[in-house]
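Hi everyone, thanks for making time.

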Amino acid sequence: MGALLNLLLLIAMLAIAVVWIVSLCRWDGEKNCNPNECETCPFPCEGHSAKSNNRKETTP
């Protein structure tokens, strides 16, 4: 039974690796950032930092 679970785990890991590699190959390298979601986005970007800088300048 343990050998079967190990085999299933190996197959699952290989499938995940293949999906990851295919996704990397298909990615065009562009950042798909939605400007409408900039306030809630956890990732830094040019638009997010610009909005943060503008907000800091307008506050007394």
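So, how much accessible surface does the protein chain have, and what share of it belongs to carbon and sulfur atoms? The surface comes to about 5700 Å², with 67% of it belonging to carbon and sulfur atoms; these areas come from the Shrake-Rupley method with a 1.4 Å probe, and for residues only the protein chains shown count as cover.

Some ground rules. This is a predicted model, where local features need pLDDT of at least 70, side-chain atom pairs count only at pLDDT 80 or more, and totals for chains, interfaces and linings use all residues. Residues are numbered from 1 along each chain as its sequence is written, and side-chain values use heavy atoms, leaving out hydrogens and water.

Now the fold: the chain has two helices and zero strands. Both kinds are DSSP runs, numbered from the N terminus: helices are H or I with at least four residues, strands E with at least two.

Of the 60 residues in the chain, 5% are buried. Buried means under 20% relative accessible area, exposed over 50%, and partly exposed in between, with a 1.4 Å probe and protein chains only.

Let's compare two residues. Ile 11 sits in helix 1, residues 2–26, and counts as partly exposed because its relative accessibility is 47%. Cys 45 is in the loop between helix 1 and helix 2 (46–58), and is buried because its relative accessible area is 18%.

Where's Lys 31 from there? Cys 45 and Lys 31 are 14 residues apart in sequence, and 9.4 Å apart in space, C-alpha to C-alpha.
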